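Have the sequence and the structure open side by side.

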Amino acid sequence: MRYFFLLSAFLSISVSQIFSQEEKIYHWHPEKDAIIMISSGMLWGGSEYLKSVADKATPEDIMSLNRMDLWSIDRGATDNISLASANISDALLYGSLTLPALHLLAPKGREHTGVILAMTLESFLINDGITSFLKATTKRFRPFTYNPEVELEEKLGTGARYSFASGHTSNAAVFSFLTAKIFSDLYPDSKLKPFVWIAAASIPAMTGYLRVRAGRHFPTDTIAGYLIGASVGYLIPHLHKISTHDHAFRLGVNQFGVQLVYQHTIN
């Protein structure tokens, strides 16, 4: 919630540039993208509502948990508990939020300020909306609820049943991959591209590892979060990019809502 309002602030100070700049790399259609943005916001808002009304854990639920019911890959996480790992994962998440804004430090990035920040907000709304929807519908107990060393009061707290998928991992991935994809689009011939992509892949991977070490998520939670965030972070700028090829995909809207459009140019 906190980083959503920060993203909104970034967008509000630059939205006028979306319509005033001459686009060279990305498509941004005011009417179509407004619908996409509103749809993304509705997805995010609806998922947050589902989380707010989801069933909370009860003492009976906690007593019935058995780690042997878990997949073998996930069982080890039930023994983990680390406040330090949780704090570092928080720092990585909030640090990743600033990554797309790093493009604004260079002239070429500043030429696309409005679109970059708008795509950042759009990516966040879609990614966090999907992640929160999964949390609210799967209602998976977090690993620490299986740990006998954790107090019952903590196990009954808000969010104890929001394990799948990992929001920290998915959001770190969406911001990291979005940043790397935009960098690749802005500087297609840069020798730094491999290092940017390695960093983009590493940040959410480390975030996911720390969430498991903290006892907040199972490995499968973080794997799912990584895949969701990386996919959204890559696809949003890719689908907005002006294609130089005969075959391309782009986002579009019709009377039924948002759609993925295949475009073939005949010479």
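## Salt bridges

A salt bridge here is a side-chain nitrogen of Lys or Arg within 4 Å of a carboxyl oxygen of Asp or Glu. Searching the whole structure turns up 8 salt bridges. One of them joins glutamate 48 to lysine 51, at 4.0 Å from N to O. Both residues sit in helix 3, 3 residues apart, or about one turn of the helix. (Helices are DSSP runs of H or I, at least four residues, numbered from the N terminus.)

## What the model is

This is a predicted model, where local features need pLDDT of at least 70, side-chain atom pairs count only at pLDDT 80 or more, and totals for chains, interfaces and linings use all residues. Residues are numbered from 1 along each chain as its sequence is written, and side-chain values use heavy atoms, with hydrogens and water left out.

## A nonpolar patch

Tyr49, Leu50, Val53 and Phe133 make a nonpolar surface patch of about 380 Å². (Patch residues have over 30% relative accessible area and no salt bridge, with nonpolar side chains, meaning Val, Leu, Ile, Met, Phe, Trp and Tyr, joined within 5 Å; areas come from the Shrake-Rupley method with a 1.4 Å probe.) Helix 3 (residues 30-53) gives the largest share, 3 residues, and leucine 50 lies in helix 3.

## Helices 10 and 11

The axes (lines fitted to C-alpha atoms over the stretch in contact, with angles from 0 to 180 degrees between N-to-C directions) of helix 10 (residues 167-186) and helix 11 (residues 193-213) come within 8 Å and cross at roughly 175°. So helix 10 is roughly antiparallel to helix 11 (the cut-off is over 145 degrees).

How values were computed:
Helices (H or I, at least four residues) and strands (E, at least two) are DSSP runs, numbered from the N terminus. Angles under 35 degrees count as roughly parallel, over 145 as roughly antiparallel, 65 to 115 as roughly perpendicular and the rest as oblique. Patches are made of residues with over 30% relative accessible area and no salt bridge: like charges are joined within 9 Å, nonpolar side chains (Val, Leu, Ile, Met, Phe, Trp, Tyr) within 5 Å.
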